[in-house]
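Visitor: Could you walk me through some local features, starting from the model itself? I will ask about one spot at a time.

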Amino acid sequence: MFAAKKGDTLCVFINGKKVTEDHADPETMLLSFLRENLRLTGTKSGCGGGGCGACTVMVSRYRPTTKTIFHYSANACLLPLCQLHGAAITTVEGIGNSKTRIHPVQERIAKAHGSQCGFCTPGMVMSMYALLRNKPWPTMEDITQALAGNLCRCTGYRPIVDGCRSFCQESSCCQSNGDEKTTETKHEKPRLFDQEEFLPLDPTQDLIFPPELILMAETANQQTLTFCGERSTWVSPASLEELVQLKIRHPTAPLVMGNTNTGPDMKFKGVLHPLIISPSRVPELFEVSLTPRGVWVGAGCSLSEVRCLLEKLLLEFPEEETELFRALIQQLGNLGSQQIRNVASLGGNVVSAYPNSDLNPVLAAGNGRVSVVSGGGRREVPLDQDFFVGFGKTLLEPEEVVVSVFIPFTRKCSTFVCPAGGSLFRALRHAPRKEPRSLPLTTGMRVCFSEGSRVVQDISIYYGGGLGPTTVSATKTCKAIVGRPWDEGTLSQAYNVLLDELVLPPSAPGGKVDFRRSLTLSLLFKFNLEVLQKLKEMNVIPDELPEKLLPLPGDIQPSLQEFQPVSDSQSVHDPVGRPMMHRSAVSHATGEAIYCDDMPRTDGELFLVLVTSSRALAKIINLDVSAAMQLPGVVDVITAKDIPGKKERAMFGYSEELLAENKIREANMYTGPSATHYRMEFSPENMLRCWEDCKVRSDYNARRRAVHQFNQHHRWKKRGLSIIPIKYGVAFAESFLNQAAALVHVYKDGSVLVSHGGTEMGQGIHTKMQQVASRELHIPSSKIYISETSTSTVPNTCPSAASFGTDANGMAVKNACETLYQRLKPIREKNPKGSWETWVRAAFFEKISLSATGYHRGPDLYMDWDKMEGQPYAYFVFGVCCSEVELDCLTGDYRTVRTDIVVDIGRSVNPSVDIGQVEGAFMQGLGLYTLEELKFSPSGLLYTRGPSQYKIPAICDVPLRLNVYLLPNSHNPHAIYSSKGIGEPVLFLGSSVFFAIKDAAAAARSESGLIGPFSLDSPATPEKACLACASPFIQKIPASEPGSFKPWALNI
């Protein structure tokens, strides 16, 4: 009926400009509309599923009921264009640019060196910008929450945090780089950036909310809106009555508020909905009503709004009445990213009925209810074990609409009236990592006692998170506890009942069955510890209590970045050795940088997709491409037969196992003149310097004693400490790869254009080449421009790899600039007081060439793998890293408390770039060794695709204190300006966190009487760490017999 109707005209403001669309398609997301229709490519297309934050924008709306304007961050990849009628959208282009004025957020992230490749930077900027529009003086907790949904692969997050920290209320006491000094002194250590140079935040410069949209929202008679696409129709009713009638006529049509469930299904699973109903304009779905027994919250309220509401109610009511509120606030802080919570609705989260819901177990244990309406009227339905009937299914009828959700006060326990403090409610959660998009195991637990007694009158336990197709109630376990005293005997029996009640088959989807089953026991034990503390406070029990389990530490502290200052004799115009902002950082932060996907498609452009074999290691007998050629849009299929010449490349010709799990001790470290096992001679002096320096700076010996003391006083939390050295060779063993060339042009106006053979990937090679040219030509770096790498200017380039890019290309640029500067020598001698520009003009008129090529031959390296001897590297980079972790032995969750890194990179060309490379590589190593787990099905299907399954480090994984020190007084005669290559070498130092986790697990095992070597495979995920701890709850899980079942995933 809607397909034949002409759709309404959509009206939205984007960056202050009115945009209308007569043919808004329900299947079009804001991201594609911005990038393809409006050519606003600053908003990046990353994962496409709301998991990476690269597409973050700010949405602003006017609420006529309260006459307020509210702003929130959101993922453009999940925002349907049709949902945005009457909204104002701000993208990264709308807050500032390099041609007019950049916004302080853009400036601070850029100048704090928080951008390397820059792809994530616009999303980071917009998440922070949206926070500042609501809280101009945020706390560090606000910042980490706001950035939790934004992933970065390059920086390690520390410089992003430092740039954003400058907006904090407490930032005045935490100077940049962790330097406690607030005034300049003669001996002050150099800093990576000066916070005092930042532009002040001026909210008056922000875009105003369009008055036209206010008038539109206050229109008395709101009408139903309809937008018709090619395959789907979007209907947005303006009243509850219209919504109910729509559901009666179209009971299977989905209700879309935040599009966080329906959107991914449509995009990734190909689900098509001919009709989509959007109730976002129905005022009854956003009403809040406070009653003597609790609060009714509109089902359309976003999760962020619910959390804000509950936080306000905490201040208005006694603590004993708001335990459920506090539990929900805790869950809402971890449920999805800030961008997801800003759009996902409370009602949608409940009725989606996913088994891994964070809220449903808590609401069910707290006796929550929902109010639903249909053609037959209203009714209230309790959220209990009968509400969830299957995967994604509830007992609600298809035509029923959830209007509101009831969250009760914790005054009564079933029919038993509890005294103040006589009840306890807790929500406990575990996720594969602290980052919020992970699949969690969640529980809501509530217990009530007889007055002045430890006898349980009532208890409710619900679990969610892959223990079945629905949120499950541990009914039998509760029956085993009710009427009995809360003591060790009761709980011991409850653990056994719970183990029998919640059974997971060994082939259950999601895998990790033993771990998940143990978590049900561990979380109940954690609740037990909370209950005992409560009973002690009530003077019900006199017993000495076990340790009180506190959350893992989480406050990110200011950190240190130390580097060697340049000499006093160095010219102030010479940038080499000084921190210099990445030359593209501002364009990254403003969205002006152009990436391959940002370029407009050309006429006739084709796309190439690799097709892999469906069988691993199979011999391909025949290829039939006929079916592929019949697919729409396929132009050709290219096979091996179509590619002339040899189709393989032999590199290095030898492979060997490089990693071994041997504990490094000082006794077997290199000392004195040394040689590798392939007979390459080198001096380990700087490695030993790094080792001793790291021990001193990390206070290793004292902290080792402190870790031992901590572990003696904590049964269920352990700390671990590890110190790891590296010796990493730089350059290519294949000698021909060590060459580089450059082309430098000087123009009549004095500007310089440098072309070289290196590829800028965010590692700052263009910035360093700018510094090299500046030093050699004796001109400011502002006069030097870098041409994008092209074989039309510099042919036969070699890979930018092996951390050798700056070494090779820097020498080539240096060679070209030296040639040019030497050509200008007669001109300079004639006019020694002249400027660069006058010298260049004079040279032009005297017909002196102002263009030169540069070349660097590179070292002659080799490796004879048959004889196992050679010199495959030009030199070695040395480094040492000390990391300390705190491990929750019951869940395997951990936090890196502190990391100290000392690296020998010679004389740094650019300390800000090099320290950024150190931190980024360390965080990638941390991910490699503790997070990034590949899971394959028995048939070879990769499960871990995208950020929702494959975990790269997020801001929550950064060490709470990350200190980096560049070894002073180090020289390297084998590379430009005595520097060393950096980037790859430090990655292995991330393993220090792995070994610290193993150290903590060893301490936990000793508590269970397990001494000696044990296995802990990389990556040390919480599952593996928890199993390695071998707690009594792990030991309760019966082992499944290998071969008796088909596993969900292969154990690789």
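Visitor: Leaving aside its neighbours within four places in sequence, which residues is glycine 300 in contact with?

Guide: This is a predicted model, so to speak of local features needs pLDDT of at least 70 and side-chain atom pairs count only at pLDDT 80 or more, while totals for chains, interfaces and linings use all residues. Residues are numbered from 1 along each chain as its sequence is written, and side-chain values use heavy atoms, with hydrogens and water left out. Glycine 300 sits in the loop between strand E10 (294-298) and H9; helices (H or I, at least four residues) and strands (E, at least two) are DSSP runs, numbered from the N terminus. With contact meaning heavy atoms within 4.5 Å, and neighbours within four places in sequence set aside, glycine 300 is in contact with Met257, Leu285, Phe286 and Ser345.

Visitor: Is glycine 300 buried or exposed?

Guide: Buried means under 20% relative accessible area, exposed over 50%, and partly exposed in between (1.4 Å probe, protein chains only). Glycine 300 has a relative accessibility of 8%, so this residue counts as buried.

Visitor: How many Å apart in space are glycine 300 and tyrosine 873?

Guide: The two residues are 573 residues apart in sequence. From C-alpha to C-alpha, the separation of glycine 300 and tyrosine 873 in space is 62 Å.

Visitor: Which residues of H10 meet H9?

Guide: The axes of helix H9 (residues 303-314) and helix H10 (residues 323-332) come within 9 Å and cross at roughly 145°; axes are lines fitted to C-alpha atoms, for helices over the stretch in contact, and angles run from 0 to 180 degrees between N-to-C directions. The contact divides into 9 nonpolar, no polar and 3 charged residues, where Ala, Val, Leu, Ile, Met, Phe, Trp, Tyr, Cys and Pro count as nonpolar, Asp, Glu, Lys and Arg as charged, and the others, Gly among them, as polar. Leu303, Val306, Arg307, Leu310, Glu311, Leu313 and Leu314 in H9 meet, in H10, Phe325, Arg326, Leu328, Ile329 and Leu332.

Visitor: What is the handedness of the crossing of H3 and H4?

Guide: Helix H3 (residues 121-134) packs with H4 at an angle of about 135°, their axes 9 Å apart. A crossing is left-handed if the near helix is turned anticlockwise from the far one by less than a right angle, and right-handed if clockwise. H3 and H4 have a crossing that is right-handed.

Visitor: Which residues of H4 make the contact with H3?

Guide: On the H3 side, Met124, Ser127, Met128 and Leu131 take part. The residues of this contact divide into 6 nonpolar, 1 polar and 1 charged. From H4 come Asp142, Ile143, Ala146 and Leu147.

Visitor: What are H15 and H16 to each other in orientation?

Guide: Helix H15 (residues 488-501) and helix H16 (residues 513-537) pack at about 150°, with axes 10 Å apart. Angles under 35 degrees count as roughly parallel, over 145 as roughly antiparallel, 65 to 115 as roughly perpendicular and the rest as oblique. H15 and H16 are therefore roughly antiparallel.

Visitor: Which residues does threonine 155 touch, not counting residues up to four places away in sequence?

Guide: Threonine 155 is found in the loop between helix H4 (140-147) and helix H5 (158-165), and with a relative accessible area of 1% this residue is buried. Not counting residues up to four places away in sequence, threonine 155 touches Gly114, Ser115, Gln116, Ile160, Gly916, Glu919 and Gly920.

Visitor: How many Å apart in space are valine 730 and alanine 802?

Guide: Valine 730 is in strand E25 (residues 717-730) and is buried, with a relative accessible area of 0%. Valine 730 and alanine 802 are 72 residues apart in sequence, but in space, C-alpha to C-alpha, their separation is 6.0 Å.

Visitor: What is phi of arginine 679 near?

Guide: Most residues other than glycine have a negative phi. Arginine 679 lies in the loop between strand E23 (674-675) and strand E24 (681-682), and is exposed, with a relative accessible area of 56%. Its phi has a positive value, near 65°.

Visitor: Which proline does a cis peptide bond join to serine 1018?

Guide: Omega of this bond is about 0°. The proline lies in the loop between helix H26 (991-1007) and helix H27 (1022-1029). The cis bond joins serine 1018 to proline 1019.
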